[in-house]
Amino acid sequence: MKLNRRSFLKIAGATGAAGMLARPAAASASEAGGVPGENERSMLVDTTLCAGCRACEAACSEANHNPAPPEGDAVFDAPREPSPDAFTVVNRGPNAHDGTPRFAKKQCMHCVSPACASACPIKGIEKQPEGPVTYRPERCMGCRYCMIACPFGVPKYSYNELAPRVRKCTFCFERQKEGKLPACGEVCPTGALTFGYRGELLELAKTRIYSNPGKYHPHIYGENEAGGTNWLYITDVPVEKLGLPGGIEKSSYPDLISGALSVPPFVMTLWPPLLMGLYVFANGRHKEHGEHGDDHGNGNAHGKEDRHG
Amino acid sequence: MANAAVTTASPVRAWVQEKIFLGMTVKEYVRSLATPANVVLGGLAAMGIALMVYRFAVGLGATTNLSQYSPWGIWIGFDMMTGIVLAAGGFTLATTVHLFGLHAYHPIVRPALLTAFLGYMLAVVGLIADLGRPWNMVFIFVRPGTTSALFEVACCVALYSSVLFLEFLLPTTEWLGLKRIRGVLMKIMLPLTILSVVFSTMHQSALGSLFLLAPGKLHPLWYTKFIFIFFFISAVMAGISMVLFEGSLSHKAFASRITSHFDVDRLQIGLARAGAIIFFAYFFLKLQGVVDNHAWGHILTGWGAWWAVEMLGFVLLPALLFAYGARNMNVKFVRIGSVLGVLGIALNRLNVSVIAFNWKLPSAVRYVPSLMEVGVSVGLVALGVVAFRFIVNRMPILGEHSSYRGSEY
Amino acid sequence: MTHEFLSLYAAKNAEYLLAVGYMVAFIGWWKFVNGGKRAVMEARAEAETPKAKHAAAPAKQPEAHGWFEIPTGVWLHPGHTWARAADDGSVTVGVDDFAQKLVGGVAQIALPKPGAPVAQGVPAIALAAGEKAVPMLSPVDGVVSEVNSKLAEDPTLLSEPYTQGWLFKVRPARLQANTRQLMEGETARAWLDNAAASLAARLSPELGHVLQDGGAPVSGIAQELEPERWDALARKYFLT
């Protein structure tokens, strides 16, 4: 049954996505005026629709040549994190008002202004104009600063390899380039995952919230978190209970460092004249008093063999 | 130094015997190395090297306790960050003597620069041990990630290490009698000194800027948007403390190498006066940082107590010891203060990078260094001490070369 | 960092309080760090060792700073006379502290008569001590309007040269132009110190009775220095 349904939805999804993406490729939204990243490819996760079937995990592993995820519902007993071999996991949360459990998929949030990409000193992680945040292991030097920077704790590291790599969801960038849906979005049987442009998905999410008063929490997780992410969540239970991190800044993380980073050019410009002035001032006075070569009467006049003290 | 019969075999051999083996034959030299201190140092250094080789053989997963939650451990927090900050005495002393014109401190500039040079070399080795794919390091100049504070750190450390190397080359040329090269180096010493301050300012502060990206992970008592200023000021503090600490040890241990008598106690008291002022100002700066971050509520917590230990025991107390020692011409207080100062800055770097980092994580998954990580770190320090001793015993660092007495640099 | 707006005030107040408190504390701290035994020792060492910068100067001489006084509001002429403008437009003239100490023991002062013209830089008075008299220059142009008659009865009033020892009052003709040649304030003080230093250079330490254990000279310095030709010495300073 799954297979038929999956293949049906595959076609439906593909057509739907193709339809949504039929517009000519627009440039990324300008930050001023428009919604951040409004023309970037995004995914809306409606956790009220997620059945916890974990087909997305299976599809993701297959598409990324990762080992198949463990089977059985026992995995839901404890919250899980993505790992170097599992770019996405589904966690179970509390029961909703209707008594059914809630689930949420966890993966890279593909932020509009990603902390990891700004943190990478060697352009190993890049933000693509289309939306995905991609990693290239052949460029990486393994400093793991991206892991420090990411507020969602997304990047994982394959410490057990001799040439370790950063491991995270790629948003199926290669598939998107071919016009396909990300693997998870393609297989989701319940329609919990909706692929589209960020601006439109935000509108869609807001429409669902307003059209169903009292059903959803009036908050789109990812609208403002970290300055905006491309993976958006709407839910009717607290997001933290679904394994999604709370306490995320409402502004972009790279902004936190831009002030400090504007200092180096000033230092390079200001320090040389300042220090040379200091040098001229300090050593000019010395030449006046003839300290070079004289015996300094600084307290102990006797026994000093060195010229400079 | 034993004066053994010089072999007439070849000039190369004679040179090696004089320069490398301090005038002893190989047998005599090896015998002279048999002291208990050397057994310990040599053992630790050998262990460190062996563990490094093992780490590259089996990978990070098998040798470290790094995890997905804690990607940075003591190889970053101690070897790189603490190593770099304790090596700040180089530019601090060079500025004091060559830019402020306080030539009384000239005798202790070269040991400070040597400490800095060795400190940076070891920090880079520690970094290479920690990097997952160190062979890609060089491409940072080809694909500059200029939005990254780590890029700034990497570039400035690379450039500053070159400056330090050139500054270290000066006593080397004196030792090797390379007059022409020395002449060239003397001409560029002033620009090198200025560059050393520029690069040091940039990367010492950038090491602090690294953590600006992690407000949720670093405890609010340590996280402040001014962290990069604090890191620079504490680098100067670390430089002063380290020069005092290393100077006390070297002056006694290598007394035979000192050629011109200078009152080291007086210089240390002078440094202590500067240290007292800067430590005092830094104490209040940190308070301002806490107020600015609205974090005063955290002071009365467990983490607040730990923060108070760092502030009171390792910032305020050294300030008082420096002040008291300077006032009363009591060098002992100054030296105790310097030890506390060095430990305090190391503690601050460890707090920011591994201890107060991920403070919200449950203790079951908090990072604790593995024995092998500690082994590498300790081994690298031992290696540094051995290298320091080797160089001081041969090159004009603590004393002046007879042909170059009274040299400006 | 999202903070409640109200706590912004608390934080900003605390920051300013902390900063001000720190600045106050810093003064004390600086004094503490730089004081103590070390400072005492350094001061003593500085005093004992010969300063390298003064190595070329002549051998020890008494400190000449502050020997002679000059109050504020007084214009000083290089011939050691002074002028002070009053609110009513008249100008009071006298000799300065240096002059009266240099000459000392003045028995008689020759003053111009009221109505007589005086000119800046032209001799207008004379100080007589013993058998010699020393002329001095007027500091301003004008017509004498009043003379200090009390001086004739009691010449010792000259020991208060700026107050009771004033000599005469003048209706000034060109005060603005005159003052351009005169000194006042710090310039006058520095110039007086110079004059004192040149005096000090002449004095030798053995003249203990002139210098009361390092203090300023009292009176009659010229006569001590050159008993036979003290008037020539005085005229050198008075430019007459």
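Accessible areas here come from the Shrake-Rupley method with a 1.4 Å probe. The model shown is predicted.

View 1. Chain C exposes about 13500 Å². Carbon and sulfur atoms supply 57% of that area. The chain has 240 residues, and 40% of them are buried. Its secondary structure consists of eight helices and nine strands. Consider the contacts in chain C between residues at least 6 apart in sequence: 67% of these join residues at least 24 apart.

**View 2. Chain A as a whole.** Chain A contains nine helices and nine strands. It has 309 residues, of which 50% count as buried. For contacts in chain A with a separation of 6 or more, residues 24 or more positions apart account for 58%.

**View 3. A:Arg54, a residue with positive phi.** A:Arg54 lies in the loop between strand 1 (41–46) and helix 2 (55–63) of chain A. Its phi is positive, about 65°, although the residue is not a glycine. Is A:Arg54 buried or exposed? The cut-off for buried is under 20% relative accessible area. A:Arg54 has 10% relative accessibility, so it counts as buried.

**View 4. A:Lys123, in another loop of chain A.** The loop in this view runs between helix 3 (115–119) and strand 4 (125–127) of chain A, and A:Lys123 is found in it. Phi of A:Lys123 is positive too, near 55°, and this residue is other than glycine. A:Lys123 counts as partly exposed because its relative accessibility is 34%.

**View 5. Helix 12 against helix 13 in chain B.** Helix 12 of chain B spans residues 302–327, and helix 13 of chain B spans residues 331–355. The two pack at an angle of about 155°. Their axes are 8 Å apart. Angles over 145 degrees count as roughly antiparallel. Helix 12 of chain B is therefore roughly antiparallel to helix 13 of chain B.

**View 6. Crossing and contact residues of the chain B helix pair.** Which hand does the crossing of helix 12 of chain B with helix 13 of chain B have? Helix 12 of chain B passes helix 13 of chain B in a left-handed crossing. The residues of this contact include 16 that are nonpolar.

Technical notes: Residues are numbered from 1 along each chain as its sequence is written. Chains are lettered from A and ligands numbered from 1 in the order in which they are written. This is a predicted model: local features need pLDDT of at least 70, side-chain atom pairs count only at pLDDT 80 or more; totals for chains, interfaces and linings use all residues. Side-chain values use heavy atoms; hydrogens and water are left out. Axes are lines fitted to C-alpha atoms, for helices over the stretch in contact, and angles run from 0 to 180 degrees between N-to-C directions. Helices (H or I, at least four residues) and strands (E, at least two) are DSSP runs, numbered from the N terminus. Angles under 35 degrees count as roughly parallel, over 145 as roughly antiparallel, 65 to 115 as roughly perpendicular and the rest as oblique. A crossing is left-handed if the near helix is turned anticlockwise from the far one by less than a right angle, and right-handed if clockwise. Ala, Val, Leu, Ile, Met, Phe, Trp, Tyr, Cys and Pro count as nonpolar, Asp, Glu, Lys and Arg as charged, and the others, Gly among them, as polar. Buried means under 20% relative accessible area, exposed over 50%, partly exposed in between (1.4 Å probe, protein chains only). Contact means heavy atoms within 4.5 Å.
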